[in-house]
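Let's take a walk through a protein model together.

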Amino acid sequence: MEHAATAGDAQLIIAALAGIAAIVLLISWLKLHPFLSLSIGALGVGLAANLGAAASVASFTKGFGTTMAGVGLLMGLGAMFGKLLADSGGADRIVDTLVGRSRPEMLPWTMGLVGAIIGLPMFFEIGLVLLMPVILLVSQRSGQSIAKIAIPTLAGLSAMHGLVPPHPGPLVAVSTLGANLGLTLGLGVLIAIPTVIISGPIFASIADRWVNVPTPELFGQAGESRYEAATQPSFATAVTAILLPVVLMLARAISEIIAPGSKALLPSALHVLGEPLIALGIAVIAGALMFRMPRAAVARSLESSLGPIAGILLVVGAGGGFKQVLVDTGIGAVIANAITGSGLPVMFLAWFVAVLVRVATGSATVATVTAAGILAPVAAGLPPAQGALMVLAIGSGSLFLSHLNDAGFWLVKGYLNMDIGQTLKTWTMMECIISVCGLIGVLILGAFL
């Protein structure tokens, strides 16, 4: 009986590895869209694990629907808020205020802060397109190298993308692992601060010696506000709107720690207002009211915000379907048992699994959803703080070694007019530093929490 169980476990592990390998090959070699790749891989795993065709499809669609209910709505609201912030000129106002008040030697630090603030509510690609004209202008006007200005900004954007909800990766991992979103957000910001400092301005001063690239000419009008400065929201208004959902979710998390299960008015109100869907919904409504945009412009902005994230939503949903197949076949439990019996720190293993998928596929989101699905059984028995740190370990791993199979690599290369070697020395190295610093932060906090 024991031998049969072992043989069955081996078959499940082989099925999981074959499924992950198939996903990697479909994405990296056949250049198939990650949504289709994850869907095919999930159904293949179900069949290889003897789940059956009908049951595999049912498992996949169940996971897809559950993930969209828990994550898709939040991603939609996050995209709406980010578009309002960009179109109203609120993002411009934040950038102009911070840069205008900085001394030349503090500009790299200021740009890191700009990247982090803009990256808090926005997807990486949106933030990159929005800030690239600002990066080029700041470099031209200050006379400082493009590396010194761009790397800190990109570090702020990337660290927030990998570590802090409401970005797709952290949201998926929070949902899959059953972690506390407010606690994850708070710990993510705590880890992101030193991570951005090390991978941003400090690393930029080193990379500047490696890469000497003239600042590209400013292109087009991309990323510029549609409104004059007089109609833009104030700096305080824009920052307040960005921080509003963060404060609400953190307040709920703190309330649940201080007074768990309390029925008093304040804890009850914080429990409702700090619900992620409510908090982000409040932020969108507040932005529409506070950003001084005409009603027709608000409607256009909200409508146009969802198209660019349609592909991301499908990838995230397919990742949830893949995760459910792993759960229903029992593969997740088998891998979890192997991981817990390996003797290596669980947080390191969570990071390492995400690293492997990230390097192979080039997608931080695919790396996160895959690693989270594999590690879900391990997270089930962890206390809240450890569950949140596992989310951050996976998020850190999902950023490691961006190279030629990552769309972000080519975006940065093209915008900054660098060759492949220069991009590897700057962008790729920066991503590795973010990933390792994130892991170190997780391990340090894990020793105390």
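This is a predicted model: local features need pLDDT of at least 70, side-chain atom pairs count only at pLDDT 80 or more; totals for chains, interfaces and linings use all residues.

Residues are numbered from 1 along each chain as its sequence is written, and side-chain values use heavy atoms, with hydrogens and water left out.

Now zoom out. The chain has 20 helices and zero strands; helices (H or I, at least four residues) and strands (E, at least two) are DSSP runs, numbered from the N terminus. The C-alpha trace spans about 75 × 60 × 45 Å along its principal axes. How does the radius of gyration fit a compact globule? For 449 residues such a globule would come out near 22 Å, and the chain has 22 Å, which agrees. (That radius is taken over C-alpha atoms, and the globule rule is 2.2 Å times the number of residues to the power 0.38.) Of the 449 residues, 54% are buried, where buried means under 20% relative accessible area, exposed over 50%, and partly exposed in between (1.4 Å probe, protein chains only).

Next, find helix H9, residues 181–210. Two packed helices are described by the angle between their axes and the distance between the axes. Here axes are lines fitted to C-alpha atoms, for helices over the stretch in contact, and angles run from 0 to 180 degrees between N-to-C directions.

Start with H7 (residues 146–163), which packs against H9 at about 155°, the axes 8 Å apart. The two are therefore roughly antiparallel; that label is for angles over 145 degrees, with under 35 roughly parallel, 65 to 115 roughly perpendicular and the rest oblique. Contact means heavy atoms within 4.5 Å. By class, the contact of H7 with H9 has 14 nonpolar, four polar and two charged residues. (Ala, Val, Leu, Ile, Met, Phe, Trp, Tyr, Cys and Pro count as nonpolar, Asp, Glu, Lys and Arg as charged, and the others, Gly among them, as polar.)

H18 (residues 384–397) meets H9 at about 55°, with the axes 9 Å apart, and that makes H9 oblique to H18. Leu187 and Ile191 are among the H9 residues here, and Ala388 and Leu392 among those of H18. The contact holds nine nonpolar, two polar and no charged residues.

H20 (residues 420–446) packs on H9 at about 145°, again with axes 9 Å apart, in a right-handed crossing. Among the residues involved are Phe203 and Trp210 of H9, with Met429 and Ile433 of H20.

Is Val211 buried or exposed? Its relative accessible area is 4%, so Val211 is buried. Leaving aside neighbours within four places in sequence, Val211 touches Met418, Gln422, Lys425 and Thr426.

Finally, check two loop residues. Lys31, between H1 (2–28) and H2 (34–48), has a positive phi near 60° without being a glycine, and Lys31 is exposed at 62% relative accessible area. Leu401, between H18 and H19 (407–416), also isn't a glycine, with a positive phi of about 50°; Leu401 is partly exposed, at 29%.

Note on methods: A crossing is left-handed if the near helix is turned anticlockwise from the far one by less than a right angle, and right-handed if clockwise.
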